[in-house]
Amino acid sequence: EAGRFNKLVVSRLFRYPAIDAQRVVEFQELVPKEDYPELMDSRNRRVSLSEARSMRLQSEYYRVLDSGNMPFNVSIGDVFSLLNEWKKYVVSEEDRALLFFVESLYSIKLYHYYDECTEPNIEENSKNAAIDNTIKRLDELEGVSNYAKLIGGAFFNPNLFRLLPAEYGTNKSRSYRVVFIKPLKMIINDCLSGKEVSDLEFHIVEFYALTLTRRLEGKDKDSIAPYFRILPEVYYRTDLQNSLKAIFDLGAFFVSITDIQFAYSRIHPEFYSIADKRENSILNLLRKALREREGAADYENNRFLSWCSIRNAVIMQELGESFSYVRTRRTRESNQIDLLRIFFEQVSGFHMKTYDKTEKGDAYDIRFDYAKVFVDLFRELKTNDRATKLFMSVFDDVEKPDEMKEVANLEELGFDVKRILHGLQKEVRKDTLEKKIRERAPKAALTDDFWAEYNRLVESEKITKTAAGNTLESLKNKFNL
């Protein structure tokens, strides 16, 4: 049954002799060393970066294997993160053939369940679908397609496969983190009340709607609790309408893009309807791109699903591997918006030929170039200070709910030293600090006199974060900001 298949595969494979005998001691280079600062172990002993990386990844490894996990909360991304790790340790031809069989079986099931979504007669005549409907025990999965159940909310485990590098000098992920979603709801409410909302601000709400994976669980509302798999609710279906914060997972984009209506409705019941009626929404830009691609006058949702759905295990793995460059040192100091633009450029540039043939006998060329719409979003975002502040107010989770002012008045947030310093490491480059001031301070405050005083106060190329804070306070007081 689709909603239980991933847990079944994990539990059965873990009992397979060649795997059962192996206990992972070190997860070599899954994540770059700079992602992990020095940590203290349970005995208050300082551990090395290598040990810290191993401790974190091993703990995630065993969370996936936890027998107490709800079956529907184990994802295809969890399964393949384990398969890729086990491949390092199984060497016999028989063992490797088994893993190859499992991967092939996933491709068969993905394609079959995708066909159920686009061709209802297949589901009606499917023995698997009949079994699923007969033994379905959970109301939470009512109305969820078998394709969505098999994916289980994630094509990539965000703890074992980071799509973007961590913030340099910290362990804070750029692609999997807590975000503050109240500003998004303010934008939606502005639309409903008839206030003017720019296309770019609206696009930001759409982007986040496609990249939110679940609400926060546990008492600590500022960190990602790792035990969501054991909760008796389908984590990737949780309602976010009453949440101020949620979990941002860039990889969830590849799941949400196949059911945009549900993704939009999670944050507000009327958001999809608003986007549907808005001529230049991302939703309608994607529809326009499809019509141009197909040379068709009308939009067909099945055509769009064919364009954006991942329905082959090899393509899923190859797509994931195409992101590996993002984890290199070359991008460690990149701006978040730059990194997202580069990420979607990589997605839109991906292509892979399949064994299937067209009517002309040519191999099908799988492409996800619909992502160009999001490349354009982040290019435009770099040129708009107001929209950038909106984006970062969500992403950086700087403002507290009781301090957050109306998004329409973001310029009134003022010269907030804490917001400017947020995310910087202990030692700050002068040009980096200047960039953060330009991104996070009111443009009207950044006069020629302001920058002249800034250059007088900051003479060296690097200063400590504490000194940077003192400098910003001096500037704030001097110019009455």
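**Close-up views of a predicted model**

**View 1. The contact between helices α22 and α23.** F450, E453, Y454 and L457 of helix α22 meet T471, S474, L475 and K478 of helix α23, where contact means heavy atoms within 4.5 Å and helices (H or I, at least four residues) and strands (E, at least two) are DSSP runs numbered from the N terminus. The residues of this contact comprise four nonpolar, two polar and two charged, with Ala, Val, Leu, Ile, Met, Phe, Trp, Tyr, Cys and Pro counted as nonpolar, Asp, Glu, Lys and Arg as charged, and the others, Gly among them, as polar. Helix α22 spans residues 448–457 and helix α23 residues 465–478, and the two pack at an angle of about 145° with their axes 11 Å apart; axes are lines fitted to C-alpha atoms, for helices over the stretch in contact, and angles run from 0 to 180 degrees between N-to-C directions.

**View 2. Strand β5 and its partners.** Strand β5 (residues 245–249) is mostly covered, five of its five residues being buried, that is, under 20% relative accessible area (1.4 Å probe, protein chains only). Strand β3 (residues 176–180) runs antiparallel to β5 and is joined to it by five bridges, and Y176 has D249 as its bridge partner in β5. Strand β4 (residues 212–215) also pairs with β5 in the antiparallel sense, over three bridges, with L212 bridged to F248; two strands pair if DSSP finds at least two bridges between them.

**Notes on the model.** This is a predicted model in which local features need pLDDT of at least 70 and side-chain atom pairs count only at pLDDT 80 or more, while totals for chains, interfaces and linings use all residues. Residues are numbered from 1 along each chain as its sequence is written, and side-chain values use heavy atoms, leaving out hydrogens and water.

Methods: Buried means under 20% relative accessible area, exposed over 50%, partly exposed in between (1.4 Å probe, protein chains only).
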